[in-house]
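Subject: Handing over a structure, with notes

Dear colleague,

I am passing this structure on to you, and my notes on what was found in it follow below. Please read them with the model open beside you.

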Amino acid sequence: MLFGAGHVGHAIAPILSGLPVKLHWVDEREELFPEVAPNNTNHVITDNPVDEIASMPANSYYVVLTHNHQRDFDICSAILKREDFKYLGLIGSDTKWKRFQQRFDHRGIKKELVDTIACPVGLSNVPGKLPMEVAVSIVGEIIGLYQADLEPTPNKQGVDWSELKSMIDEQEHNAKKTVQSQEQK
């Protein structure tokens, strides 16, 4: 679930549309959404985005980057109260994050839960402030997380070299025997 249809949201959504995800893109400003949504994207237009969180399955990923700090706080609080999210990323400065941590503490939200929020959201080794740079950083972090959860596939492809060499040696040996057998006839 992606909260916010501003510049960064517009940079993130097309990248996510090419990935194996179902995106619920939430904002109250209908005019900010593109006219056509990709097949894996659902535009959710609502004045109360917090209400949309209840419809998400357990282990969902959430990215919060609205234009309103209070709305960001309310969304994060609702997600934290569920205690069943896989990822919660919040866009923000160090100052915003410190204020949010204090507010979560005053509301009695467990520190261990608050500490799972990725704020600032995105990969720390992908710097940049342009919307596309921030989007790539965020989506890179999400890809890393969902790829880590996929079933590992063995790196081994085809036949191991030692097995192949053994098979070739055996074929060469059999071919020599066949040639010797034919020569004796």
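How many disulfides does the count come to, if a disulfide is a pair of cysteine sulfur atoms within 2.5 Å? By this rule the count comes to zero, because the sulfur of C76 lies 7.9 Å from the closest cysteine sulfur, that of C119, which is too far for a bond. C119 in turn is in no disulfide, its nearest cysteine sulfur being that of C76 at 7.9 Å. C76 counts as buried at 0% relative accessibility, and C119 counts as buried as well, at 13%, where buried means under 20% relative accessible area, exposed over 50% and partly exposed in between, with a 1.4 Å probe and protein chains only.

Before going further, please keep in mind that this is a predicted model, in which local features need pLDDT of at least 70 and side-chain atom pairs count only at pLDDT 80 or more, whereas totals for chains, interfaces and linings use all residues. Residues are numbered from 1 along each chain as its sequence is written, and side-chain values use heavy atoms, with hydrogens and water left out.

The chain as a whole

The chain has six helices and five strands, and from the N terminus on its elements run β-α-β-β-β-α-β-α-α-α-α; helices (H or I, at least four residues) and strands (E, at least two) are DSSP runs, numbered from the N terminus. Of the 185 residues in the chain, 36% are buried. Among contacts (heavy atoms within 4.5 Å) with a separation of 6 or more, 58% are between residues 24 or more positions apart. The accessible surface comes to about 11,700 Å², and 52% of that area belongs to carbon and sulfur atoms, as computed by the Shrake-Rupley method with a 1.4 Å probe.

Helix α2 and its surroundings

Helix α2, residues 69–82, has 14 residues and reaches 20 Å from its first C-alpha to its last, close to the 20 Å expected at 1.5 Å a residue, the expected span being 1.5 Å times one less than the number of residues. The buried residues of α2 are R71, D72, F73, I75, C76, S77, A78, I79 and L80, and they pack against β1 (2–3), β4 (61–64), β5 (87–90), α3 (94–106) and α4 (111–114). Just after the helix, E83 takes a positive phi of about 60° although it is not a glycine; E83 sits in the loop between α2 and β5 and counts as partly exposed at 45% relative accessibility.

The nonpolar cores

A nonpolar core here is a set of buried Ala, Val, Leu, Ile, Met, Phe, Trp, Tyr and Cys residues joined through side-chain atoms within 4.5 Å. In the largest one, which has 25 residues, F3, Y62, I79, L80, L88 and F104 touch the most other members. Two or more residues of this core come from each of β4, α2, β5, α3 and α4, and α2 gives the most, with six. A second, separate core of 23 residues includes A5, L16, A135 and I138. L16 is also one of the buried residues of helix α1 (residues 7–17), and the cover over the buried residues of that helix includes β1, β2 (23–27), β4 and α5 (131–149).

Loops worth a look

In the loop between β3 (41–45) and β4 lies S60, which is buried with a relative accessible area of 7%. A polar atom of the S60 side chain is 2.6 Å from the backbone oxygen of P57, and, leaving aside neighbours within four places in sequence, S60 is in contact with D84, F85, K86 and Y87. N59 is found in that loop between β3 and β4 too; it has a positive phi of about 65° although it is not a glycine, and it counts as exposed at 52% relative accessibility. Finally, a cis peptide bond with omega of about 0° joins C119 and P120, and P120 has its place in the loop between α4 and α5.

With best wishes

Notes: Disulfide = S-S within 2.5 Å. Polar contact = N/O pair within 3.5 Å; in protein donor to acceptor, adjacent residues only side chain to side chain.
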